[in-house]
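Biologist: Could you walk me through the labels you put on this fold? I'd like to see what stands behind each of them.

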Amino acid sequence: MRASPALVAALLLIAACAPARSQDVPVNAEDVMFVQMMVPHHRQGIEIAKLGAARAATPELKTLTAAIASTQQDEVEMMLRWLHSWEQPRTPPSGAHEHHGGMPETDVKRVQALKKSKNFEYDLLSLLVAHQGDAVRMAAAEVAGGANPAVQKWAGQVRDSREGQIAIMTNLLKR
């Protein structure tokens with residue numbers, strides 16, 4: 001049985017549109033660890049930002065936190081696609097985090113305390129400044145040591161955007 005020329009052409013077109021295999025793009029341990037660490041970091045940031053979007057009274061803060069939650073959700077999905085395409089687990093092996101810079105998570109108790117805060121906007125801004133500062137440091141490490149061009153480019157964007165957010169939030173704290 002011979003395949004028709006149209007079928008062969010269609011199969012070749014489909015193959016050409018398929019995503020690149022993980023071996024075709026350079027990926028090193030720094031890239032993998034960065035993405036594995038950033039997924040839970042972003043999820044925690046989304047949780048914090050959603051609290052801000054729901055409870056902030058200051059319009060600028062309400063808008064900023066809603067934008068953070070939305071952007072970081074899209075970024076989580078992108079990072080999960082990267083890990084899948086690299087055939088890497090979503091989370092690093094136990095203990096690997098500490099050997100790779102050990103960036104701490106934002107204290108879960110502080111997030112819980114924020115939910116009950118009587119000085120909500122101040123506490124939200126303080127927590128988000130620290131949280132986004134951690135993202136800046138993590139992204140800087142990826143830019144310095146990663147191998148994947150797309151991940152390094154995105155890490156540079158993360159570093160720059162989070163520094164901008166920190167500046168905005170610092171100004172809001174001064175009001």
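Modeller: Gladly! Rings of Phe, Tyr and Trp (its six-membered ring) pair if their centres lie within 6.5 Å; planes under 30 degrees apart are stacked, over 60 edge-to-face, and the rest tilted. A search of the whole structure finds three such aromatic pairs. The model is predicted, with local features needing pLDDT of at least 70, side-chain atom pairs pLDDT 80 or more, and totals for chains, interfaces and linings using all residues. Residues are numbered from 1 along each chain as its sequence is written, and side-chain values use heavy atoms, without hydrogens and water.

Biologist: What makes Phe34 count as buried?

Modeller: Buried means under 20% relative accessible area (exposed is over 50%, partly exposed in between; 1.4 Å probe, protein chains only). Phe34 has 3%, so it counts as buried, and Trp154, at 6%, is buried too.

Biologist: And why is the pair of Trp82 and Trp86 stacked?

Modeller: Their ring centres are 6.2 Å apart and their planes at 10 degrees, so the pair is stacked. Phe34, Trp82, Trp86 and Trp154 form one aromatic cluster.
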